[in-house]
Amino acid sequence: MEYKLTPAETLSKEPKRWIATLIVALVTVSLIAWSGSALESNSTGGSGLSVAKGIILGILHPTTDILFTLQKNGVPYLLLETMCIAFLGTLVGAVISIPMAFLGAGNIVPKPVAVVFRVLVMAIRTIPSFVYGLMFIMVTGPGAFAGLLTMSVCSIGMLSKMFIETIEDLDRGILESLSAAGCTTFDKMRYGIIPQLMPSFTSTLIYRFDMNLRDATVLGIVGAGGIGAPLIFAMNSYRWNDVGAILLGLVILVLIVEWCSSKLRNALMRG
């Protein structure tokens, strides 16, 4: 009769890894302590801890004058501008990405054509959004239009790649069945292709809009419109109450958008 080890005996026979775990923990703590030694104090803004304290106190005591005003320098207007940049950038990027995705799908067009458009999409995705923002600011000048163009080009790179993968995963059996039933090309697109693509396309667009909303905030720092520029100006001048008002507005906006996105995704999953 074979003897079976008890759970305690099994655990006791396992290799001891506490030494390696202890070494990793010590190295991690040492690296954190070493990186913290690089913090410097300055005469204008104080130490890093005082800056963090100022931000926290600013969030707890935001400037209500800019938080509840509808003027152009108010948080609601700046958040609306940021959301419009993200939404229109996603929309324009989607309109351009759909034909590019069909031209880059190997199961729709010949392989050489698909390779050319895949390389184009890869080249678009290579350049960071900050570089696009600086390029468009040099062309159009600072403002929301530069942010819109930046978000559109950045959306093309990601959406085209995701759309291509979705198109290449199409169920060809449905299309063959529709062809056997005598359906026209329009009927095959209407009843065979679009129903398969729409849920995935919509989910990808929602996800990209979430990304563009956060990127539009960051791009405002370089002058591409939105709420990023007032945020960095307030931080540079140590107006922590204004910083708190802007961050509070951003948090509320992101929570609302996230809630709406979750509702839309659940509706898509239920069909």
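Predicted model: local features only at pLDDT ≥ 70, side-chain atom pairs only at ≥ 80, totals over all residues.
## Ground rules

Residues are numbered from 1 along each chain as its sequence is written, and side-chain values use heavy atoms, with hydrogens and water left out.

## The overall fold

Think helices: the protein chain has twelve of them and zero strands. Here helices (H or I, at least four residues) and strands (E, at least two) are DSSP runs, numbered from the N terminus. Reading along the sequence gives α-α-α-α-α-α-α-α-α-α-α-α.

Of the chain's 271 residues, 32% count as buried. Buried means under 20% relative accessible area, exposed means over 50%, and partly exposed is what lies in between (1.4 Å probe, protein chains only). As for contacts (heavy atoms within 4.5 Å), take those in the protein chain with a separation of 6 or more: 71% of them come from residues 24 or more positions apart.

## Salt bridges

The structure holds four salt bridges, a salt bridge being a side-chain nitrogen of Lys or Arg within 4 Å of a carboxyl oxygen of Asp or Glu. One of them joins Glu168 and Arg118, at 2.4 Å from N to O. Glu168 sits in helix α8 (residues 144–168) and Arg118 in helix α6 (residues 111–126), so this pair ties together parts that are 50 residues apart in sequence. Both ends are partly exposed: Glu168 has 32% relative accessibility, and Arg118 has 34%.

Glu165 is partly exposed at 37% relative accessible area, and Lys161 is partly exposed at 32%. Then there is Arg239 with Asp242, where the closest N and O atoms are 2.4 Å apart. Arg239 is partly exposed at 38%, whereas Asp242 counts as buried at 15%.

## Cysteines

A search of the whole structure turns up zero disulfides, with a disulfide taken as a pair of cysteine sulfur atoms within 2.5 Å. If you're eyeing the cysteines anyway, Cys84 is partly exposed, with a relative accessible area of 37%. Cys154 is buried, at 13%.

## The surface

The accessible surface of the protein chain comes to about 16800 Å², and 71% of it belongs to carbon and sulfur atoms. Accessible areas come from the Shrake-Rupley method with a 1.4 Å probe; for residues, only the protein chains shown count as cover.

Look for a nonpolar patch of about 510 Å² made by Phe87, Leu88, Leu91, Val92, Val95 and Ile96. Patches are made of residues with over 30% relative accessible area and no salt bridge; like charges are joined within 9 Å, and nonpolar side chains (Val, Leu, Ile, Met, Phe, Trp, Tyr) within 5 Å. Leu91, one of the patch residues, lies in helix α5 (residues 75–104). Leu91 is partly exposed, with a relative accessible area of 45%.

## Around the end of helix α10

Thr217 is found in helix α10 (residues 185–219) and is buried, with a relative accessible area of 12%. Leaving aside neighbours within four places in sequence, Thr217 is in contact with Thr82, Ile227, Gly228 and Leu250.

Gly220 is in the loop between α10 and α11, and counts as buried at 0% relative accessibility. With neighbours within four places in sequence set aside, Gly220 is in contact with Gly225, Gly228 and Ala229. So Gly228 turns up on the contact lists of both Thr217 and Gly220.

Tyr238 has a positive phi of about 60° although it is not a glycine. You'll find Tyr238 in the loop between α11 (228–236) and α12 (240–269). Tyr238 counts as partly exposed, at 33% relative accessibility.
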